[in-house]
Amino acid sequence: MNYTNIAKSQFKDRISGDLLSIDVPEWKDDNGETAKIYFKAATNFKIQGQILRLVNEGRPDEAIIMTFILRSLDQDGKQIWRKVHMTEIMNEFDPDIVSRVVNAMNEIEPDEGEALKS
């Protein structure tokens, strides 16, 4: 049994699977449509490392925002925000909403997320 290939295949399936989504009812467009943020069920070590570095540096608020930035995708799977938006998000976005979205992303397991798939 080739554990390396099995592990790679499992992760590839998980990270390239369907997008999950979270509705943000507080954010509505001009047509009154509720914003929906999409995300993948898993992240890789590179993304996790960027977030953990901020936590270890005693910057948990920035770690939450970095999670939000790196995991938030549009319906096509493209990143919505970039790292250059960190200050803007920190100063101009409702921290309760950003935290709620990040918590939902972190809590959703693939099986639970089936109901939230786009």
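Biologist: In what order do the elements of the chain run from the N terminus on?

Modeller: Helices (H or I, at least four residues) and strands (E, at least two) are DSSP runs, numbered from the N terminus. Here the order is α-β-β-α-α-α-α-α, which comprises 6 helices and 2 strands. This is a predicted model, in which local features need pLDDT of at least 70 and side-chain atom pairs count only at pLDDT 80 or more, while totals for chains, interfaces and linings use all residues. Residues are numbered from 1 along each chain as its sequence is written, and side-chain values use heavy atoms, with hydrogens and water left out.

Biologist: What share of the residues of the chain counts as buried?

Modeller: A residue is called buried under 20% relative accessible area, exposed over 50%, and partly exposed in between (1.4 Å probe, protein chains only). Of the 118 residues in this chain, 30% are buried. The C-alpha trace spans about 55 × 35 × 20 Å along its principal axes.

Biologist: Which residues of the largest nonpolar core touch the most other members?

Modeller: A nonpolar core is a set of buried Ala, Val, Leu, Ile, Met, Phe, Trp, Tyr and Cys residues joined through side-chain atoms within 4.5 Å. In the largest one, with 24 residues, they are Ile 37, Phe 68, Ile 89 and Val 101. Two or more residues each come from strand E1 (20-28), strand E2 (34-39), helix H2 (45-56), H3, H4 and helix H5 (95-107). H3 gives the most to this core, namely 6 residues.

Biologist: With which residues is Ile 89 in contact, leaving aside its neighbours within four places in sequence?

Modeller: Contact means heavy atoms within 4.5 Å. Ile 89 meets Ile 65, Phe 68, Ile 69, Trp 81 and Val 98 in this way.

Biologist: Is Gln 50 buried or exposed?

Modeller: Gln 50 counts as buried because its relative accessibility is 15%. This residue belongs to helix H2. Apart from neighbours within four places in sequence, Gln 50 is in contact with Met 66, Leu 70 and Lys 83.

Biologist: Where is Arg 82 found?

Modeller: Arg 82 lies in the loop between helix H3 (60-71) and helix H4 (86-92). Its relative accessibility is 44%, so Arg 82 counts as partly exposed.

Biologist: With which side chain does the side chain of Arg 82 make a polar contact?

Modeller: A polar contact is a pair of N or O atoms within 3.5 Å; within protein, one must be able to donate a hydrogen and the other to accept it, and residues adjacent in sequence count only if both atoms are side-chain atoms. The partner of Arg 82 is the side chain of Gln 79, at 2.8 Å.
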